Amino acid sequence: MLNVRNSKVEDLPEMHRLYDLGRAHMRAEGNTTQWGPTDNPDEKLENDIRKGISYVVTDETGKVCGTFAFILGDDPAYAVIEDGSWPDDEPYGTIHRIASDQVTKGILKAALSYCDTRTKNIRIDTHADNKTMQAAVRKQGFIKAGTIYVDDGTPRIAFYRKTS
């Protein structure tokens with residue numbers, strides 16, 4: 001059984017380990033540009049923890065096996081979408097920076113179960129080269145909405161999922 005809880009500063013070393021594993025996995029899959037070596041520095045992660053938008057997924061022993069950020073409200077990167085559209089302008093939450101230990105199954109599903117208790121309208125994006133994540137979000141019922149651009153100006157494929 002996987003559980004989701006707010007991240008703590010004490011979780012930072014394990015969160016960094018998960019992001020390092022994610023980078024290595026992406027590189028092995030041919031995604032050489034997403035999550036460069038300076039992505040997710042301590043300052044950004046600590047800020048997420050202070051804001052209460054950083055989460056870890058733990059297994060039944062309490063071991064951290066996943067991490068993500070979940071932000072309720074408008075995401076500036078999602079204000080402009082190309083090659084598609086959002087289905088509506090209803091309030092939503094956005095999942096960012098999800099990573100796993102590459103062993104434990106169900107990290108995205110656990111994150112979504114938690115996020116579904118906060119909103120029924122969830123958005124997520126990923127790099128065009130991140131085929132693993134694209135398949136994972138589609139498996140969880142996400143629909144491609146179009147292309148958005150993140151802070152550094154690079155494009156991402158944007159998806160949405162609405163539950164009732």
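Reader: Which elements do the buried residues of α2 pack against?

Author: In this predicted model, the buried residues of α2 pack against α1 (12-28), β2, β3 and β4. To read that, take contact as heavy atoms within 4.5 Å, and buried as under 20% relative accessible area, exposed as over 50% and partly exposed as in between (1.4 Å probe, protein chains only). The elements are DSSP runs numbered from the N terminus: helices are H or I with at least four residues, strands E with at least two. Local features of the predicted model need pLDDT of at least 70, side-chain atom pairs count only at pLDDT 80 or more, and totals for chains, interfaces and linings use all residues. Residues are numbered from 1 along each chain as its sequence is written, and side-chain values use heavy atoms, leaving out hydrogens and water.

Reader: Happy with that! Which residues of α2 are buried, and which are exposed?

Author: For a helix, look at the arc, taken from the directions from the helix axis to the C-beta atoms. In α2 (residues 42-51), Leu45, Asp48 and Ile49 are buried. Their arc is only 100° around the axis, so they lie on the same side of α2. Glu43, Arg50 and Lys51 are exposed on the other side.

Reader: And the sheet: what is the order of its strands?

Author: Two strands pair if DSSP finds at least two bridges between them. Here seven strands make an open sheet with mixed pairing, in the order β1-β2-β3-β4-β5-β7-β6.
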